[in-house]
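Work through the exercises below with the sequence and the 3D structure at hand. Try each task before reading its solution.

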Amino acid sequence: MAAISAIELTKRFDDLVAVERLSFEVAAGSITGFLGPNGAGKTTTLRMLLGLAAPTNGSALVFGRPFAELERPASRVGAVLEAGDLHPGRSGRDHLRVLAAAARLPRSRVEEVLALVDLTSAGDRRAGGYSLGMRQRLSLAAALLGKPELLVLDEPANGLDPEGVRWLRDFMRAFAGEGGTVFVSSHHLAEIEDTVDHVVVIDHGRLVADAPLAEFTAGSGSLEDAFLELTTGHAS
């Protein structure tokens, strides 16, 4: 069974068609890059997959079911869509404790995920004082609380320094190496090229490529060149 299935997925906002008849699958155990120019419909697609927006037509399935129908969703899917959804006066550790309690997860899991994202020493600091990179790590820690099988990440490298970007790449590889699935949207094409197995590319809400990385980049030299050729008509 595919970890993610989009079937003729469409989303309209009045006269604006944000996503149009989009169909693709994400194989379990893979790292798939979800790419497209700004405004291509990537975030809208992710929101439909996670049950945060209702499709106008079509289906968005996670492990064969709509997200809202998953039992114990925190143990199936972890997501990072925005790094800013934090109470500025609450410590990172307390933020995670609130989320763990709401999901009925053991409090000990908070310390485990803080260690996983290298935030243990900063756990008692107020989240309002965190850098963007630290907020990204804390959001990832929150996504990991339920030990999910699938991670859905929207621009997770934003705000990370080069060391943090390398750490994120290694983390995603390790997660997939243990049988997990990663679906990651990013503008950092060089890092995506070093990380993913497969790419799904959309433009103006429509699917324009769905292929293994090696097949997509064949003859282009790099992921960036292949992406620009496809979406703008010329390479860098």
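**Exercise 1. Count the charged side chains of the protein chain and find how far apart the centres of the two sets lie.**

Solution. Start with the counts: there are 23 positive side chains and 31 negative ones. Keep in mind that the model is predicted.

**Exercise 2. Describe the secondary structure of the protein chain, then judge its radius of gyration against the globule rule.**

Solution. First, the secondary structure consists of eight helices and nine strands. Second, the radius of gyration is 18 Å, and the globule rule gives 18 Å for 236 residues. The two values are close, so the protein chain is as compact as a globular protein of that length. Third, the C-alpha trace spans about 50 × 40 × 35 Å along its principal axes.

**Exercise 3. What share of the residues in the protein chain is buried, and what share of its accessible surface belongs to carbon and sulfur atoms?**

Solution. Buried means under 20% relative accessible area. By this cut-off, 50% of the 236 residues are buried. The accessible surface is about 11,300 Å², and carbon and sulfur atoms hold 49% of that area.

**Exercise 4. Which residues of helix α8 are buried, and what covers them?**

Solution. Locate α8 at residues 223-232. Its buried residues are L223, D225, A226, F227 and T231. Their cover includes the strands β3 (31-35) and β8 (198-203), together with the helices α6 (189-193) and α7 (213-217). Finally, step past the end of the helix: G233 follows α8 and has a positive phi, near 95°.

How values were computed
Residues are numbered from 1 along each chain as its sequence is written. This is a predicted model: local features need pLDDT of at least 70, side-chain atom pairs count only at pLDDT 80 or more; totals for chains, interfaces and linings use all residues. Side-chain values use heavy atoms; hydrogens and water are left out. Helices (H or I, at least four residues) and strands (E, at least two) are DSSP runs, numbered from the N terminus. The radius of gyration is taken over C-alpha atoms; the globule rule is 2.2 Å times the number of residues to the power 0.38. Buried means under 20% relative accessible area, exposed over 50%, partly exposed in between (1.4 Å probe, protein chains only). Accessible areas come from the Shrake-Rupley method with a 1.4 Å probe; for residues, only the protein chains shown count as cover. Lys and Arg count as positive and Asp and Glu as negative; His and the chain ends are not counted. The place of a charge is taken as NZ of Lys, CZ of Arg, CG of Asp or CD of Glu. Contact means heavy atoms within 4.5 Å.
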